[in-house]
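Dear colleague,

Here is the structure I promised to pass on to you, and below it I have set out what was found in it. Please read the notes with the model open beside them.

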Amino acid sequence: MMPPWFRFAILGLCLAAVLVLAGTGLWGWERGKASAHMLNQARLSDLLEELDAHIAAGRIPEAVAIGEQLAAAEKLDWGRSEQIRVLRLQLQNEPVATPEAQVSQPTPVLRPAAFTRAEVAFANGDWTAALAQLEQLRTEDPDSVDVGYLELMERIYIQWARELVQVDRGEEALLQLEVAKSLRESPAVANEIKAALHYQESQSYWDTNWPRAIDEIRHIYAWDPEYVDATNRLVQAILLYRERAVWRGDSCLAFLYLDTIQDLLRELDLDHVREDLQQRCSAAGG
């Protein structure tokens with residue numbers, strides 16, 4: 001019969017062997033995982049380089065194919081995804097060639113890579129980068145300045161101006177819009193200038209003359225409810241006007257003004273503000 005200490009020694013050796021084998025297996029698994037990760041990263045880098053090469057060379061179908069492959073593997077960031085979306089739209093907008101069309105229609109001319117990069121920068125909200133790409137394109141190829149080129153440049157200036165308006169930098173916004181206006185006297189830019197001026201006026205009357213502030217924003221809202229924060233700002237102005245009127249005891253005066261814009265109040269779901277002021281005015285004997 002084996003002594004107890006001998007049995008414990010054997011059990012200890014067996015346990016140690018099991019732990020060594022488990023540790024070796026785990027180390028091998030982690031090493032294999034790391035190697036696979038490195039290979040995947042190398043493959044991803046190669047695909048991204050290949051994607052950029054196709055875009056630079058104007059090979060849109062090949063670029064879209066690689067982009068969709070990377071998107072399926074969830075390897076595209078937002079900027080890259082937007083770039084592929086723009087390229088896919090560009091590819092879809094090309095006319096389908098038929099035997100007759102091949103004879104009677106010229107081959108579609110693909111946009112240069114700099115133009116595509118400008119579109120991507122525009123989608124990312126990087127206005128200076130987008131304009132830099134267009135300026136580079138104009139310098140290298142003056143013939144590239146066509147309607148599509150001017151439309152993109154206008155949209156860049158318009159969105160940049162709207163961003164400046166929203167952070168109370170209206171003068172800078174108007175300067176950007178004047179540059180856009182000089183491109184081709186576009187009606188869209190002219191409307192943007194009017195909206196920016198109305199927005200500035202509404203700010204000058206804010207908290208000092210609520211009916212004037214509301215009227216200025218109403219001009220913008222009637223033209224484009226989604227301009228900057230026109231809708232939210234209009235709602236805020238009406239609610240603040242109501243608070244100020246109640247505090248000053250001017251419920252009757254505020255009711256008379258809001259009664260002239262009943263349709264707008266209903267559209268904004270604010271008719272209860274007018275009704276509240278009407279009740280207060282009646283209670284005060286007005």
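The largest nonpolar core has 55 residues, and those that touch the most other members are L134, I156, I214, Y227, L234, I238 and L258. A nonpolar core here is a set of buried Ala, Val, Leu, Ile, Met, Phe, Trp, Tyr and Cys residues joined through side-chain atoms within 4.5 Å, where buried means under 20% relative accessible area, exposed over 50%, and partly exposed in between, with a 1.4 Å probe and protein chains only. Helix α7 (residues 147-166) gives the most to this core, with 11 residues; helices (H or I, at least four residues) are DSSP runs, numbered from the N terminus. Not counting residues up to four places away in sequence, L134 touches F115, A118, Y149, L152, M153 and I156, with contact meaning heavy atoms within 4.5 Å. There is also a second, separate core of 10 residues, which includes I60, A63, I66 and L87.

Before going on, please keep in mind that this is a predicted model, in which local features need pLDDT of at least 70 and side-chain atom pairs count only at pLDDT 80 or more, while totals for chains, interfaces and linings use all residues. Residues are numbered from 1 along each chain as its sequence is written, and side-chain values use heavy atoms, with hydrogens and water left out.

Turning to helix packing, helix α10 (residues 210-223) and helix α11 (residues 230-248) pack at an angle of about 160 degrees, with their axes 9 Å apart; the axes are lines fitted to C-alpha atoms over the stretch in contact, and angles run from 0 to 180 degrees between N-to-C directions. That makes α10 roughly antiparallel to α11, a term used for angles over 145 degrees. The residues of their contact divide into 12 nonpolar, one polar and three charged, where Ala, Val, Leu, Ile, Met, Phe, Trp, Tyr, Cys and Pro count as nonpolar, Asp, Glu, Lys and Arg as charged, and the others, Gly among them, as polar.

Helix α8 (residues 170-184) and α9 pack at an angle of about 170 degrees, again with axes 9 Å apart, and are therefore roughly antiparallel to each other. Their contact has seven nonpolar, two polar and four charged residues.

Finally, S202 lies in helix α9 (residues 187-205) and is buried, with a relative accessible area of 0%. Leaving aside neighbours within four places in sequence, S202 is in contact with A213, E216, I217 and R233.

Best wishes

Conventions
Helices (H or I, at least four residues) and strands (E, at least two) are DSSP runs, numbered from the N terminus. Angles under 35 degrees count as roughly parallel, over 145 as roughly antiparallel, 65 to 115 as roughly perpendicular and the rest as oblique.
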